[in-house]
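Here is a short report for a reader new to this structure. It covers a strand, a cavity and some aromatic rings.

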Amino acid sequence: MERKLTEAVSWNGIIDWDLKSFHGEEYSTWSGSTYNAFVVRGKDKTALIDTVWMPFADEFVEELEKNVGLDKIDLIVANHGEVDHSGALPALLEKRPDLPVYCTANAVKSLKGQYHKEWNFQVVKTGDSLDLGGGRVLTFVEIPMLHWPDSMMTYLSGENILFSNDAFGQHYATHSLFNDDAEPELLMSEAIKYYANILTPFSPLVTKKIKELLSLNLQIDIIAPSHGVIWRENPTWIVERYLEWADNYQEDQILMVYDTMWEGTRKSAEAVAEGIREASPTTRIKLMNCGKVDKNDVVTEIFRSKAVLVGSPTINKGILHSVAGLLEQVAGLRFKSKKAAAFGCYGWSGEAPGLIDKHLKEGGFEMLGEQLKVLWNPDDETITAAREFGRKFAGFAGK
Ligand code: FEO
């Protein structure tokens, strides 16, 4: 399939409606995704920017042959080596082994490491450009660690399009491909989920790179990421969101995330939530059982929260596996400026809240300094204590 962005630029990617998980099972993609590849037709040269994930390689190359003609392509720009964008390179370069592949030095490493081929790599750095003729010039901007060391963006002057690769993307399949045709609430929720789960650890770099880009005073009419919708209407909206999300983003929300065995930890969570509500009635409070809900939705809600309480009953002197998995995920995301506390039910040894506290502290959370431990099933006295704990936590979170 081919879609026109402008007279000279077309989308030639794949819409993956069936995709339900990404990065193996690490990221849920309930709205599917797209692998956006673009063709830029200059007066003298035609460039292909990125390809698609390997399962779609043959389909991609066939469509490219039909809509563009493989013999019409003069060069490939590989903005990023990850397989969802480079997966069709082996099939394409088997047919056109002469094609130069413009990419960063780190992308050469990742592409060689993954495909073990000696392609015609042309290493580029920030500021390097490639004139396609007719006023259409590609300029490369390295964006290391957004989100791989090999990542870069490509700006097309003459058409004022920023091919931003993973940045500004979303795992969101739409038939129209453009933000002005998307469902606004779904688009927002997929965009913030993508930022929270993928870009959070790199927030300082996000701010720095966006400021660097803005300082170039480039006219940007379209932002074309490698996943999801293309930002055609008011493209600066997503840039503004990224600046906001990268700046220790939080809403007036407290999240209680827990798993439970015999409902004691759940009842404790509900009592703590009551205490928070009493002390801070305007704060939005959410409870999520991480044993039952999607882990990436939990991460998104942590991202939106100013504070979190994490709870697990004690099992085998440890914590339930759903909570352990979440803590590992959260540690890697390196959230900043968020407050936290731990809680949980126990019958015998009661290690879980202490272990959770330690994990969260190591993950960069500011801890309350005490945990709520509930012996056996909570009775009236312990419910009262849990409510008091919630009131205390609300005060701590509100500081
Ligand atoms: Fe969409 Fe980092 O790959």
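## An enclosed strand

A residue counts as buried when its relative accessible area is under 20%. The model described here is predicted. With that cut-off, look at strand E19, residues 307-311. Five of its five residues are buried, so E19 is largely enclosed by the rest of the structure.

In a regular strand the side chains alternate between the two faces of the sheet. Both faces of E19 are covered. Ala307, Leu309 and Gly311 are buried on one side. Val308 and Val310 are buried on the other.

## Partners of E19

Which strands pair with E19? One is strand E17, residues 253-258. E17 and E19 run parallel and are joined by five bridges. Within this pairing, Leu255 stands opposite Val308 of E19.

Another partner is strand E20, residues 339-346. E19 and E20 are also parallel, and five bridges link them. Leu309 has Ala341 of E20 as its bridge partner. Between E19 and E20 the chain passes through helix H10, residues 321-333. This β-α-β crossover is right-handed.

## The largest cavity

How many cavities of 30 Å³ or more does the whole structure hold? The search finds four.

Helix H6, residues 203-215, gives the most to the lining, with four residues.

## Aromatic rings

The whole structure has 16 aromatic pairs. One of them joins Tyr35 and Phe56. A pair of aromatic rings is described by the distance of the centres and the angle of the planes. For Tyr35 and Phe56 the centres are 5.8 Å apart, and the planes stand at 40 degrees. That makes the pair tilted.

Tyr35 is buried, with a relative accessible area of 0%. Phe56 is buried too, at 16%.

Elsewhere, Phe168, Tyr195, Tyr242, Trp245, Tyr249 and Phe303 form one aromatic cluster.

Technical notes:
Residues numbered from 1 in each chain as written. Predicted model: local features only at pLDDT ≥ 70, side-chain atom pairs only at ≥ 80, totals over all residues. Heavy atoms only, no water. 1 Å grid on protein atoms, 1.4 Å probe; cavity = no way out; pocket = protein on both sides within 12 Å on 5 of 7 lines; lining within 4 Å. Points joined across faces, edges and corners; volume = space filled by probe spheres on them. Helix = DSSP H or I, 4+ residues; strand = E, 2+ residues; numbered from the N terminus. Buried < 20%, exposed > 50% of the residue type's maximum accessible area, 1.4 Å probe, protein only. Pairing = 2+ DSSP bridges. Right-handed = clockwise from strand over helix to strand, strands pointing away. Phe/Tyr/Trp six-rings, centres within 6.5 Å; stacked < 30°, edge-to-face > 60°.
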